[in-house]
Amino acid sequence: MIELPISGVETYWWLPSLVAFLISCMTVTAGISGAFLLLPFQMSVLGYTAPGVSSTNLFYNIVSIPSGVYRYSREKRMIWPLAWAIVIGIVPGMFLGALIRVHWLPDPVHFKPFAGLVLGVIGIRLLLDVIKGSRVKVASSGGNNSLKGQTRASAAHENDKGSTEATDVRFILSKISYRFRGESFSVNTPGLILLSLVVGIAGGAYGIGGGAVVAPFLVAMIGLPIYTIAGATLFSTLVGSIGGVVSYYAISLASTGASGPASPDWLLGGLLGVGGMAGMYVGARLQRYLPARLIKSVLTVCLLAIATKYIAVLFG
């Protein structure tokens, strides 16, 4: 057993790393760091309930995410124009959200149910997409020619065989487009930046991870293949987390002149980060071999878990 000086947590040195490895290995396939799942682990299992638990989570992101980003980038599965468009919106949004949180929402608990409902709608839409993908596979393998004609495009979108690399990536001020497995996909650039800005504001005000919202929206609402957006949303989470840790640490210094309760537990964040780093590298490496429907199912479960957590505030 070791005792962590900042948080006062006593734990086995290997436990945080192991838990972070398992969680991140699963969630990174969908472009999510898994930090929101580590929050209840720290609070309920490790007993870390101070405000610094949030900044510790953000520090975990900074340590762990680069390995996943590197893996996606090395395998040419990172669409950089998509990633930077999300970052351009999320980063200023997080700072705006922090200002709103401090000056106008001193107790955001009353607004969390609304955020949960929004996330729940996206999660249900993604769940329906997963169910539809299952039906498409059955229909496309059967003998009904009319069903085959109706579901051919969807079946191609869900096809798990072939390259996981996007090609012919093009960026203009109004649109980002690319080809994936013989199909063309595009997203409106200003619209994506605006969406990311709103997500960033929510992330700053409510503590919702940016990637955990942007990823399912891009998949369920816009219809982009999950293989092509995971790296971009993961990168945006990394950049946003850097800004978040700086903000928390600055607030702590401004209020106490030293590391206060809002400051991260660097050692705990490091232990979590080491496990997360290994998990993200492995998960990003395995993603190309996993069925799209399985990855979407993981994303759906994660999103509905966040939504349930925020809606549960209504019931105390």
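Select Phe-171 and then Ile-176 in S4: the two stand opposite each other. Helices and strands here are DSSP runs (H or I, at least four residues, for helices; E, at least two, for strands), numbered from the N terminus. This is a predicted model, in which local features need pLDDT of at least 70 and side-chain atom pairs count only at pLDDT 80 or more, while totals for chains, interfaces and linings use all residues. Residues are numbered from 1 along each chain as its sequence is written, and side-chain values use heavy atoms, without hydrogens and water.

Next, select strand S4 (residues 175-180) together with S3. They pair in the antiparallel sense over 4 bridges; pairing takes at least two DSSP bridges between two strands.

The 3 strands form an open sheet in the order S3-S4-S5, with antiparallel pairing. Strand S3 (167-172) and strand S5 (183-188) are at the edges with a single partner strand each, so one side of each has no neighbour in the sheet. From one strand to the next, the twist averages 10°.

Move on to helix H1 (residues 15-27) and helix H2 (residues 35-45), which pack at an angle of about 155° with axes 10 Å apart. Axes are lines fitted to C-alpha atoms, for helices over the stretch in contact, and angles run from 0 to 180 degrees between N-to-C directions. H1 and H2 are therefore roughly antiparallel, a label for angles over 145 degrees.

Finally, show the side chains where the helices meet. Leu-15, Pro-16, Val-19, Ala-20, Ile-23, Met-26 and Thr-27 in H1 meet Leu-37, Leu-38 and Phe-41 in H2 (contact means heavy atoms within 4.5 Å).

Terms used:
Parallel < 35°, antiparallel > 145°, perpendicular 65-115°, else oblique.
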